[in-house]
Amino acid sequence: MNGSYLLSLPEIILSLGSIVLMLVAAWGGDKASRAISIVAVALLVAAGFAAIGPLGHGGVGYGGLYVADAYSAFAKPLIYLATAVVLMIAPGFFERDGEMRAEFPVLLLLSAVGMGVMVSAVDLLTLYVGLELQSLSAYVLASFLRRDQRSAEAGLKYFVLGALASGILLYGTSLLYGFAGTTSFAGVAAAFKGGAGVGLTFGLVFVLAGLAFKISAVPFHMWTPDVYEGAPTPVTAFFASAPKVAALGLAMRVAIEALGPATDAWRQIVVFCALASTILGGVAAIGQTNIKRLLAYSSINNVGFALFGLAAGTQYGVSATLTYLVVYVAMTLGSLLCVLQMRDAEGNRTETIAALSGLSRSRPGLAAAFAFFMFSLAGIPPLFGFWPKFLVFDALVEIGMWPLAMIGIATSVIGAFYYLKIVKTIYFDDPAAPLAPSRSKVELVLIALAALFVSPLGYLAITPLDGASMAAAAALF
């Protein structure tokens, strides 16, 4: 058992750290929130190093419930990095309105523990425990601005629909357990090898439906635009990044390790979700006037493209999806960091796309960064956002699914329209009232780093990124 504790060192660091910080929050009150945030970032860094160290590849622990392998060692540092970025930007956002609470960093840490368990789960029990720990923290985070009606509404919608999705997932896991006689992924896979009967097939469908909600894939996307718009912007940045990595990471592990022998059955579901997400995410975003709602549909659209890699069902396809997640996190966090800069002369938040009119004249640096993120999200070369889209389509072509790749390329053209509309607003529309200068150097530095990563300089990271993603994907096969 001691060996198991060492394998789960990242989760132990974050769990013990969050308990201590909760006690500090209880005694120190909201005055200690900034110090707690700094310590929380340090804990995430320590957990990240623990995940990529030798113990991060140590094998199976806790009697076959948990695994530390190259796959989890790839996903966890990305999850912790996204969470740390949110922790760095949150105090500046909340303190302007007197809404910063000392428990905010603790909730993010506990959510990170749940996400770590999700990507290391090799049993239906661990899967559910990790998913619920992540979700319970997220419900509170969505409604964190207690005096904001939109935030309260976002939290309530997320909670109700999340509970429904959890019920669907739990029903699916109970069916898999009932017909396979075990909760381990290996045991479920062995049961599918013996022939997927009606019970196992229904279990497969319900489990994938529950996971599709967590990654906001169509047709389980209905919560995403309202929650992204209503939640505080740092929370929106969190929802759009770290939980997406964890949920997609979990979905790929379930699909390959537990449902691998039934690839032909789940591929149909994944292909439908991928196509529906890219089409709806592209079309529904066109008429949006709120930048956060538009980025919500952008998130749905990008999840669809990431699912194309999983639809291939190959090691190369999984590797392509992992690479897509890394670039997607940088593009999305960068975009929402730019949204944080949208304040009028009095310092009030504004989220309308029209407020960006003429931004290139008042704040040319921010305008250039915004354009970088929009072009990259659209997958336009030579920006780095083109590369992961090329990889997922290449994975489909490699196994002969080129018609699906062609449809995917066509839907990416739809998505490019609304990204280019924002760039046109920034550079060519008549100027609106200028945005206030930034008060946070941290936000500006993070925007610059994300913009450099998605610029053509990002191609320098291809060799190490491809090597790490292929090693991670190999762990599933």
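Reader: Which helix gives the most residues to the lining of the largest cavity?

Author: This is a predicted model. The largest cavity has a volume of about 130 Å³. Helix 9 (198–214), helix 12 (242–258), helix 13 (263–284) and helix 14 (291–312) each give two or more residues to its lining. The top contributor, with four residues, is helix 13.

Reader: By class, how many nonpolar residues does the lining of the largest cavity have?

Author: The lining includes Leu208, Ile215, Trp266, Val270 and Leu310. Cys273 is also one of the lining residues. No polar and no charged residues take part. The nonpolar count is twelve.

Reader: Is Cys273 buried or exposed?

Author: Cys273 is one of the residues that line the largest cavity. The cut-off for buried is under 20% relative accessible area. Cys273 has 7% relative accessibility, so Cys273 counts as buried.

Reader: What about Cys338, buried or exposed?

Author: The same cut-off applies, under 20% for buried. Cys338 comes out at 0% relative accessibility, so Cys338 is buried.

Reader: How many disulfides does the model have?

Author: A disulfide needs a pair of cysteine sulfur atoms within 2.5 Å. By that rule, the number of disulfides is zero.

Reader: How many cavities of 30 Å³ or more are there, over the whole structure?

Author: The largest cavity is about 130 Å³. The second largest cavity is about 80 Å³. A search of the whole structure with the 30 Å³ limit gives a count of seven.

Reader: How many charged residues are in the lining of the second largest cavity?

Author: Arg96, Arg343, Arg439 and Glu443 are among the lining residues of this cavity. Leu340, Gln341 and Gly347 are also among them. By class there are three nonpolar and three polar residues, and the charged count is four.

Reader: Turn to the pockets. Which residues lie nearest the centre of the largest pocket?

Author: The largest pocket holds about 500 Å³ of space. Its lining has 22 residues. Those nearest the centre are Leu78, Leu81, Val326, Val329 and Phe453.

Reader: Which element gives the largest share of the lining of the largest pocket?

Author: Helix 4 (70–95), helix 15 (315–340), helix 20 (441–454) and helix 21 (462–476) each give two or more residues to the lining of the largest pocket. By class, that lining has 21 nonpolar residues, one polar and no charged. The largest share is seven residues, and it comes from helix 4.

Reader: And which helix gives the most to the lining of the second largest pocket?

Author: This pocket has about 200 Å³ of space. Arg34, Val41, Met88, Pro91 and Glu443 are among its lining residues. Helix 3 (33–52), helix 4 and helix 20 each give two or more. With five residues, the most comes from helix 4.

Reader: How many charged residues are in the lining of the second largest pocket?

Author: Ser37, Gly92 and Ser440 are among the lining residues. Seven residues are nonpolar and three are polar, and the charged count is two.

Reader: Is Glu229 buried or exposed?

Author: Glu229 sits in helix 10 (residues 224–230). Its contacts, not counting residues up to four places away in sequence, are Arg150, Asn290, Lys292, Arg293 and Glu351. Glu229 has a relative accessible area of 18%, and the cut-off is under 20%, so Glu229 is buried.

Reader: How far apart in space are Glu229 and Ala154, C-alpha to C-alpha?

Author: In sequence, Glu229 and Ala154 are 75 residues apart. Their C-alpha separation in space is 7.9 Å.

Reader: Which residues does Ser33 touch, leaving out those up to four places away in sequence?

Author: Ser33 lies in helix 3. Ser33 has a relative accessible area of 4% and is buried. Its contacts are Glu95, Met100, Arg101, Ala102 and Pro105.

Reader: How far apart in space are Ser33 and Gly162, C-alpha to C-alpha?

Author: Ser33 and Gly162 are 129 residues apart in sequence. In space, their C-alpha atoms are separated by 28 Å.

Reader: What share of residues 121–415 is helix?

Author: An unreviewed UniProt entry annotates residues 121–415 as "domain: NADH:quinone oxidoreductase/Mrp antiporter transmembrane". The end C-alpha atoms of this stretch are 34 Å apart.

How values were computed. Residues are numbered from 1 along each chain as its sequence is written. This is a predicted model: local features need pLDDT of at least 70, side-chain atom pairs count only at pLDDT 80 or more; totals for chains, interfaces and linings use all residues. Side-chain values use heavy atoms; hydrogens and water are left out. Buried means under 20% relative accessible area, exposed over 50%, partly exposed in between (1.4 Å probe, protein chains only). On a 1 Å grid over the protein atoms alone, a cavity is a set of points where a 1.4 Å probe fits but cannot get out, and a pocket is an open set with protein on both sides within 12 Å along at least five of seven lines; lining residues have an atom within 4 Å of a point. Grid points are joined across faces, edges and corners, and a volume is the space filled by probe spheres set on the points. Ala, Val, Leu, Ile, Met, Phe, Trp, Tyr, Cys and Pro count as nonpolar, Asp, Glu, Lys and Arg as charged, and the others, Gly among them, as polar. Contact means heavy atoms within 4.5 Å. UniProt positions are given in the numbering used here, feature names are shortened, and annotations may be inferred rather than shown by experiment.
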